[in-house]
Amino acid sequence: MLRAVIDPPAPAAPEGAASTRLRTRNIVLKIDGKSVLDGVTLDFDPDRLTVIMGPNGAGKSLLLRILHGLLKPTGGEVSWGGGPAGPPRQAMVFQKPVLLRRSVAANIDYVLPKSECRDGEECAGLLARVGLAHKARQAARLLSGGEQQRLALARALATKPEALFLDEPTASLDPPSVLMIEQLVKEIQSTGTKVLFVTHDVAQARRLADDVVFLHRGCVTDHAPAADFFGGACSPVAADFLAGKIVI
Amino acid sequence: MQDFAEAFTVAFGLVGALDADLVEIVVLSLRVSLAAMVVSCVIGLPLGGWLAISRFRGRGVMLVVVNALMGLPPVVVGLMVYLNFSRAGPFGWLGLLYTPTAMIVAQTILITPIIAALSRQVLEDLNTEYAEQLRSLNVTGFRVVRTLVWDARFPLLTVALAGFGRAVAEVGAVIIVGGNIDHLTRVMTTAIALETSKGDLPMALALGIVLLLIALGVNALVMSLRATAARYAYA
Ligand SMILES: Nc1ncnc2c1ncn2[C@@H]1O[C@H](COP(=O)(O)OP(=O)(O)OP(=O)(O)O)[C@@H](O)[C@H]1O
Ligand SMILES: [Mg+2]
């Protein structure tokens, strides 16, 4: 009681998602003495959908893991907003989805608060959003690759994330599903969630990105608004990549 | 040879007629070993889960010890329990020696390491797959163990059945702490040992047949569990 009198009530979260202002300073990651990320310094605008591009092995997945807090970098730091609130609620869809050995619906219910799974409405709504409503009773691991990715996304959304990390979430989807997921991701960003989206697909990046980060051999070569990046104001490696040349 | 064939005929007769003595012995065997299996799971599963996900100094040593305990000789376990429960022993006042409870204790000691070691392996494999995803979903502590145990339910059931199989077929420990007392602590294995030495081959054979059937049943159950798990990709 006394505490409550002395401590002022915690301020309500500020408008405009200040806590999702993600920054990195000079992130270095060494694996077996080899640098796989080298001096990554980025400021992410919370109101923009950021697409991270780069060739295979550039370090995109590792960077996403570090940003999400699953992996501790060898050096440098990741910070959120600077406020005392700490990191925001975040979720990630992995490049290879990991689904629980349960039904499709149970995978969603697993992350929902108890009160929300009782009537099954929330779960059904989320499944409908990724086009899996008709598969609710099926064993999750018997879904096709693309369906598994969509379920993983629905489960990530069930946590109501303020920041959402997506590692090639449409890599094995058919074209209509790709468009459905892109639509969904845009919606999520527009409701105030910060989205970081990793993709190789240039056309997709054009459709989605507000700003683009290009990663090459563990270094950031570009971080620019999409219009500039695709308009030609990019580094030579990125230009080669966009032109469809093999970048190693 | 004549005797032998006759013994078989009488044995099948006993099994077929559900001979009262036979049934009593079989039921006690099942009760003791199922109880030992349940208690072992209650102790062994959380222990296995803890060993699977925690990292601490001396974990490697502990794994070696638990794995080694899987091969505990039943007679040694019997002797240990006997010493503890005998009149002069620290738990002598409980008066448990030569009771089914003592037999449950002995079998529990025998199979808990099996349940713990095998379930640790199962849960650790699953944890390698799940760890990052669960951390991403902000699942920590005991909920991780609960999730792993539930999602590994099929392989863990086969682990429990392996423990039961070992318990029900074991003779060395129960004969020492149970004493093979008629109508009280006589189970299938101890009865077989006794009847054989007495020369009552039909009863021994009848019990042997039932024991084999139980072993077959347990294995059939394990196989069908595996098949079910595979069918739903829950394995
Ligand atoms: N656990 C690990 N041990 C050793 N090397 C690793 C490990 N994880 C990643 N790497 C290396 O780090 C580099 C970057 O990996 P990362 O998975 O981030 O690439 P990526 O940009 O996501 O590639 P892709 O487009 O193929 O998904 C790769 O060269 C990879 O071999
Ligand atoms: Mg990757």
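Student: Which strand do the three bridges join to β3(A), and how do the two run?
Tutor: In this predicted model, the three bridges join β3(A) to strand β7 of chain A, residues 194–198, and the two strands run parallel. Within that pairing, A:V51 has A:F197 of β7(A) as its bridge partner.

Student: And how many bridges link β3(A) with β8?
Tutor: There are four bridges between β3(A) and strand β8 of chain A, which spans residues 211–216, and this pairing is also in the parallel sense. In β8(A), the residue that stands opposite A:M53 is A:F214.

Student: Switching to ligand 1, which residues are closest?
Tutor: The closest of the 13 surrounding residues are A:N56, A:G57, A:K60, A:S61 and A:H200. By class, the shell consists of six polar, five nonpolar and two charged residues.

Student: Which element gives the most to that shell?
Tutor: That is helix α2 of chain A, residues 60–68, with three residues.

Student: Where does A:S61 come in?
Tutor: An N or O atom in the side chain of A:S61 is 2.7 Å from an oxygen atom of ligand 1. For A:N56, a polar side-chain atom lies 2.9 Å from a ligand oxygen, whereas A:G57 places a backbone N or O atom 2.9 Å from an oxygen atom of the ligand.

Student: So how much of ligand 1 does the protein cover?
Tutor: The cover amounts to 60% of the 630 Å² of accessible area that ligand 1 has on its own.

Terms used:
Residues numbered from 1 in each chain as written. Chains lettered and ligands numbered in written order. Predicted model: local features only at pLDDT ≥ 70, side-chain atom pairs only at ≥ 80, totals over all residues. Heavy atoms only, no water. Pairing = 2+ DSSP bridges. Near = heavy atom within 4 Å. Polar contact = N/O pair within 3.5 Å; in protein donor to acceptor, adjacent residues only side chain to side chain. Areas by Shrake-Rupley, 256 points an atom, 1.4 Å probe, with all protein chains shown as cover. Nonpolar A, V, L, I, M, F, W, Y, C, P; charged D, E, K, R; others polar.
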